[in-house]
Number of protein chains: 2
Amino acid sequence: MIRVVILGSGNVAQHLYTGFLDQKHAKVIQCYNRKRLLFHPAQEENSITDDIGSLKEADIYILAVSDNAITPLSAQLPFKNKLVVHTSGSVPMKALCNLNKRGVFYPLQTFSRDKNIDFDSVPICIEAEEEKDVHLLKDLATPLSSKIYEISSDQRNILHVSAVFVNNFTNHLFSIGNDICKEHNIPFEILYPLIQETAQKVIQMNPDQAQTGPAIRKDTKTIERHLNILSDPLQKEIYQTLTKAIQSKYGKKL
Amino acid sequence: MIRVVILGSGNVAQHLYTGFLDQKHAKVIQCYNRKRLLFHPAQEENSITDDIGSLKEADIYILAVSDNAITPLSAQLPFKNKLVVHTSGSVPMKALCNLNKRGVFYPLQTFSRDKNIDFDSVPICIEAEEEKDVHLLKDLATPLSSKIYEISSDQRNILHVSAVFVNNFTNHLFSIGNDICKEHNIPFEILYPLIQETAQKVIQMNPDQAQTGPAIRKDTKTIERHLNILSDPLQKEIYQTLTKAIQSKYGKKL
């Protein structure tokens, strides 16, 4: 059984804890966070500590903390030569203090405190300095998820930029759609099926083939009418920038 | 039984034809398109015409044609006082020739030729000049979809702008994610679960609450590193514009 200690109090720490709860191959023997936060009703009070000096002996220490906290927290750990991993999409593995064996255990998903995640479909990107630690991380990830990828720090950086586009920026487009509907008293839920289908399509066809709309059709009349409807200058700017990008990308092929 | 004639050869025409195929309350008695295109193996050859003068007597004529073709085609119809509807998100009902009774039957979904659609979850936005035609359109839509909305031309315009953001522009963000991954030999499929979860979340929580990422965290170090990774100037511009919009929207609340 792989003994795990999770450090951190955020959404990733909470979801990882819950994800490991039903597993037999690994056990979270301790959680460290300064607030002594409980992640789950089943968690025992004495398995939580806010004292970095009291960390238990484990096989893997998972630092599920904010990007800026990874380096300082890894330097505070009161032991050497243990496997210490972080869970960040954008921080290089070598940002971890080199007194321990370093690695990354990055679940590529968006986590919210109040929304359960089926871990089986969460891609886990792993990296480690030593081959045997790669194996250990794979052993840890395998029963949790069916999608495990060995990804270097450089590749992870690329994935993270892409994730900003397909998740953070996409969500902001949803937020704009919601604002426009709210402004005109139209229920945003009318657009839910369209949003689901847009996301489903990407699995079945290349997004270049799925591109539709006034921009790719060069339908200048509709584009103009849309720009007149938008009252927010930033919404207008986003509309214009994305329309320009779509026309530039597909212009030659039309 | 409601007798329907569908005019047009595009994806909406095809999916509407297929959608009505299993229905008992309505029958597509004829299709008109200049290519005499068959939409389905079950379709009879003699139910297709390319001669506008040979249109059969029906209760509803659905013009599922491109936005620019709606007005001229509606003016060519060789009859009067029949219910004629278009299927466009952005064209006003009154763009239809006023010699017939006018209406709109707008299925708010993205249709591709090779991807089947479960019509039951497709919101259908209807509009008509006369109350009894609104009822007829509702009767036509009811067995097809469980989401029917009576929407004015002005409201439909607003919905259409919102749809451009949540569908067309979102798909372009997916396309950028795909391009970035391809450029660096990383399988884009790693991002599929994130894309699905992003779309799922919008149903369960307000997109403002779901917003995460370096922009809202004002993580300037990560933003800078991401901008350095992007080689395409338009990708950079989209990254900057959306980052600025997110920071402007949530800046005051942070």
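Hi everyone, this is a short talk on how chain A and chain B meet in this structure, with a look at the salt bridges too. Please keep in mind that the model is predicted.

Let's start with the whole interface. The size of an interface is often given as the accessible area lost when the parts come together. For chain A and chain B that comes to about 8600 Å², and 67% of it is on carbon and sulfur atoms. Chain A brings 90 residues to the contact and chain B brings 91 residues.

What about polar links across it? There are 40 residue pairs in polar contact between the two chains, counting pairs with both residues at pLDDT 80 or more. Which elements of chain A give two or more residues to the side that touches chain B? They are α4 (153–183), α5, α6 (207–210), α7 (214–217), α8 (220–229) and α9 (233–250). Of these, α4(A) gives the most, with 26 residues. By residue type, that side of chain A splits into 44 nonpolar, 32 polar and 14 charged.

Now let's zoom in on one helix pair. Helix α5 of chain A, residues 192–204, packs against helix α5 of chain B, also residues 192–204, at about 175° with the axes 9 Å apart. An angle over 145° counts as roughly antiparallel, so that is how α5(A) runs relative to α5(B). On the chain A helix, the contact is made by Y192(A), I195(A), Q196(A), A199(A), Q200(A), V202(A) and I203(A). On the chain B helix you'll find Y192(B), I195(B), Q196(B), A199(B), Q200(B), V202(B) and I203(B).

Where do the charges pair up, then? Between chain A and chain B there are 6 salt bridges. One example is K115(A) with E197(B), whose closest N and O atoms are 3.0 Å apart.

Over all chains, the structure has 26 salt bridges. Within chain A, K101(A) and D133(A) form one at 3.6 Å, N to O. K101(A) sits in strand β6 (101–107) and D133(A) in helix α3 (131–141), so this pair ties together parts 32 residues apart in sequence.

Methods
Residues are numbered from 1 along each chain as its sequence is written. Chains are lettered from A and ligands numbered from 1 in the order in which they are written. This is a predicted model: local features need pLDDT of at least 70, side-chain atom pairs count only at pLDDT 80 or more; totals for chains, interfaces and linings use all residues. Side-chain values use heavy atoms; hydrogens and water are left out. Axes are lines fitted to C-alpha atoms, for helices over the stretch in contact, and angles run from 0 to 180 degrees between N-to-C directions. Helices (H or I, at least four residues) and strands (E, at least two) are DSSP runs, numbered from the N terminus. Angles under 35 degrees count as roughly parallel, over 145 as roughly antiparallel, 65 to 115 as roughly perpendicular and the rest as oblique. Contact means heavy atoms within 4.5 Å. Buried area is the accessible area (1.4 Å probe) that two parts lose on being put together, summed over both. A salt bridge is a side-chain nitrogen of Lys or Arg within 4 Å of a carboxyl oxygen of Asp or Glu. A polar contact is a pair of N or O atoms within 3.5 Å; within protein, one must be able to donate a hydrogen and the other to accept it, and residues adjacent in sequence count only if both atoms are side-chain atoms. Ala, Val, Leu, Ile, Met, Phe, Trp, Tyr, Cys and Pro count as nonpolar, Asp, Glu, Lys and Arg as charged, and the others, Gly among them, as polar.
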